[in-house]
Amino acid sequence: IHRPIKFEPYSSYTSRTRDIAFWLPTNFVENDFYDFVRNTLPSDTVEDIKLIDNFTKDDLTSHCYRLTYRAWDRHLTAEEANHIHENLATEVVKIEESLGSGENIELISNYRTWHQL
């Protein structure tokens with residue numbers, strides 16, 4: 001239980017946040033989504049993933065996640081963050097379609113927000 005504390009370096013470069021929301025499949029496990037994001041995107045660009053909202057309507061639930069992107073060696077441009085986020089959105093849609101729940105999935109990839117300003 002007593003482990004030495006080790007300092008983990010962090011990037012001092014600008015971060016970019018993007019939101020993604022989607023209707024959940026019935027077998028959704030939140031930790032699986034976190035793992036999916038970290039395994040799908042370049043490991044050095046995803047700094048944080050937070051659930052910021054959920055919504056239920058007619059037995060369907062939607063989650064909105066805020067992702068923080070940051071490069072460790074340079075400033076990440078808005079265009080680069082948009083490209084990374086669009087790739088994630090594409091992969092989420094593929095997963096939902098493969099689960100056969102595509103007709104109930106509505107993907108909202110909100111990357112043109114005040115966070116870019």
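From the N terminus on, the elements of the protein chain run β-α-β-β-α-β.

Trainee: Before we dig in, what kind of model is this?
Mentor: A predicted model. Keep that in mind throughout.

Trainee: Okay. How many helices and strands are there in the protein chain?
Mentor: Two helices and four strands.

Trainee: What share of the residues is buried?
Mentor: The chain has 117 residues, and 36% of them are buried.

Trainee: Let's switch to rings. How many aromatic pairs does a search of the whole structure find?
Mentor: Seven. One of them is F22 with Y65, a stacked pair. Their centres are 6.0 Å apart, with 20° between the planes.

Trainee: Which parts does that pair tie together?
Mentor: F22 is in strand 1 and Y65 is in strand 3, so the pair ties together parts 43 residues apart in sequence.

Trainee: Is F22 buried or exposed?
Mentor: Buried, because its relative accessibility is 2%. The cut-off for buried is under 20%.

Trainee: And Y65, buried or exposed?
Mentor: Y65 is buried too, at 0% relative accessibility.

Trainee: What about the rings of W23 and F55?
Mentor: Their centres are 6.0 Å apart and their planes are at 55°, so this pair is tilted. Stacked needs planes under 30 degrees apart, and edge-to-face needs over 60.

Trainee: Where do those two sit in the chain?
Mentor: W23 is in strand 1 and F55 is in strand 2.

Trainee: Which residues form the aromatic cluster?
Mentor: F22, F28, F33, Y34 and Y65 form one cluster. You already know F22 and Y65 from the stacked pair.

Trainee: New topic. Which side chain does D19 join in a polar contact?
Mentor: The side chain of R66, at 2.7 Å. D19 lies in strand 1, which covers residues 16-23.

Trainee: Is D19 buried or exposed?
Mentor: D19 is buried, because its relative accessible area is 8%.

Trainee: What is phi of D58?
Mentor: Near 50°, a positive value in a residue other than glycine.

Trainee: Why point that out?
Mentor: Because most residues other than glycine have a negative phi.

Trainee: And what is phi of D59?
Mentor: Near 65°. That is also positive, and D59 is not glycine either.

Trainee: Last one. Are D58 and D59 buried or exposed?
Mentor: D58 counts as exposed, because its relative accessibility is 65%. D59 counts as exposed at 80%. The cut-off for exposed is over 50%.

Methods: Residues numbered from 1 in each chain as written. Predicted model: local features only at pLDDT ≥ 70, side-chain atom pairs only at ≥ 80, totals over all residues. Heavy atoms only, no water. Buried < 20%, exposed > 50% of the residue type's maximum accessible area, 1.4 Å probe, protein only. Polar contact = N/O pair within 3.5 Å; in protein donor to acceptor, adjacent residues only side chain to side chain. Phe/Tyr/Trp six-rings, centres within 6.5 Å; stacked < 30°, edge-to-face > 60°.
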